[in-house]
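Look at the overall fold first, then at the charged side chains that pair within it.

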Amino acid sequence: MTISHIAAYAKLSRADIDAIAAELDTIRSDIEESLGTRDAAYIRRTIVVQRALEVAARLLIAGTRSKAGLLAGTVTLAYAKSVENMEIGHNVGHGQWDWMNDPEIHSSTWEWDMVGPSAQWRYSHNYHHHVFSNVLGVDDDLGFGILRMSRDQQWEPQHLVQPVRNVLLALIFEWGIALHDFYSARDRAGTDEGKAAARQVLHAKVGRQLAKDYVVLPALSLRRWRRTLVANLGANVLRNLWAYLVIFCGHFPDGAERFTPETLQEESRGEWYLRQMLGAANFKAGPLLAFSSGNLCYQIEHHLFPDLPSNRLPEISLRVRALCEKYDLPYTSGSLARQYLQTLRTIFKLALPNAGWRSLFGAAPPV
C-alpha cells in the first residue's frame with residue numbers, strides 16, 4: 001500500500017504533516033545542541049565494559065575445566081559480541097558519535113566483530129534501508145531477499161519453505177547480513193572492476209574473521225584449543241540469534257507498515273518522517289534489555305533519527321510518544337515476546353499465496 005492508504009496518515013492535513021515535521025526537527029536540534037561530555041563518556045565507557053567482558057569471558061573459557069564454566073564463558077562471550085555489534089558497531093556505523101571527531105570512534109574507521117565489512121554494511125543499511133525504509137523493491141532489508149514479508153510482494157513457490165529459511169537465517173544471521181550488504185555494494189559498483197573490488201573486500205574480511213575466531217584464538221589456547229573453538233562457535237550463534245530477534249521485532253510485528261514504491265513520489269520531509277514512524281515498531285525494555293539490544297528497542301526513534309546517539313533514544317521516545325498522542329498516530333510497541341510471535345505469525349502467513357490464504361480463511365493476509 002502507499003502511505004496515503006493508511007488511515008492514520010489519511011486523516012492528516014498538509015498543515016498537520018508540516019507541523020509534525022517541524023516538531024521532529026525541533027527534537028533533533030535540541031538533542032544535537034545538548035550533546036557533550038556525558039555522551040562521549042557513555043560510548044567510551046561502553047567500549048571499556050565490552051572489552052572487559054570479552055577478556056573475562058576468554059579467561060573463563062580457558063581457565064575452567066568444567067562444562068558449566070565453558071557454558072558460562074560462552075554465554076558471556078556471546079553477550080560481549082552482542083554489545084560490540086549492536087550498541088557499539090551498529091551505532092558507531094550510523095555516525096552517531098562522529099561529532100566527537102575521535103578517529104577511533106568514527107563511522108569511517110570502526111570495523112566490527114562480524115564477517116561482513118562495515119563499509120559495505122554502512123551503504124546498504126544507512127542508505128537503502130534507512131532512507132527507503134519498508135518500501136517494497138527498494139528496501140532490501142524487507143525480507144532480506146529470502147522472506148516474503150508483505151502481501152504486496154509477489155508470491156513464489158519458494159516462499160512455501162520460508163519458515164525453514166527463517167530458522168536458518170537466525171542461526172547464520174551475520175552471514176546473511178554480509179551477503180546482503182555485498183550484493184548491495186556490488187550493484188552499486190556497476191563496473192566489473194568495482195564488483196571485483198567489492199568481492200575482494202568481503203573475502204578479505206571473512207578471511208580475517210574466520211582466522212581470528214577459528215584459528216588464531218584456538219591456537220593461542222594451546223592444549224585447550226577445542227574449548228576455545230567450541231566457545232567461539234557457540235558465542236557467534238547465540239549473538240546471531242539475538243541480533244536477528246532484535247532486528248525482526250523492530251520491523252515486522254503487527255502495526256509496522258509496508259509501502260509500495262509510489263509512496264516515494266514527491267515525498268515531503270514530513271511524509272518521510274511519517275513513513276519511519278509507521279514502518280517501525282518498539283518493544284518494551286528496561287535499562288539492561290535496552291543496552292543489550294543496542295537501544296534498538298526504540299526502533300521508531302532510531303528510524304526517525306538514525307544518527308543521534310543511542311543513549312539519547314529513551315528521552316527522545318517520551319517526546320515522540322507525546323507527538324503521536326497529539327496527532328492520534330499509532331505508536332507500535334509491545335513486549336519482546338509479543339512482537340516476535342506476531343512476526344513469526346506473519347512469516348507463516350505469507351508462506352502461502354494470497355489466494356490460498358483467502359480460500360482457507362476467507363480474506364487475504366492482513367499485512
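The protein has 15 helices and two strands; these are DSSP runs, helices being H or I of at least four residues and strands E of at least two, numbered from the N terminus. Its radius of gyration is 21 Å, close to the 21 Å that the globule rule gives for 367 residues, so the protein is as compact as a globular protein of that length. Here the radius is taken over C-alpha atoms, and the rule is 2.2 Å times the number of residues to the power 0.38.

This is a predicted model, in which local features need pLDDT of at least 70 and side-chain atom pairs count only at pLDDT 80 or more, while totals for chains, interfaces and linings use all residues. Residues are numbered from 1 along each chain as its sequence is written, and side-chain values use heavy atoms, with hydrogens and water left out.

Side chains of opposite charge can pair when their charged atoms come close. The structure holds 20 salt bridges, each a side-chain nitrogen of Lys or Arg within 4 Å of a carboxyl oxygen of Asp or Glu. One of them joins D328 and K11, at 2.8 Å from N to O. D328 sits in the loop between α13 and β2, K11 in the loop between α1 and α2, and 317 residues separate them.

Another salt bridge joins R28 and E32, at 2.9 Å from N to O. These two are four residues apart in helix α2, so about one helical turn separates them.

In a further pair, D254 meets R345, with the closest N and O atoms 2.2 Å apart. D254 lies in the loop between α9 and α10 and R345 in helix α14, so the pair ties together parts that are 91 residues apart in sequence.
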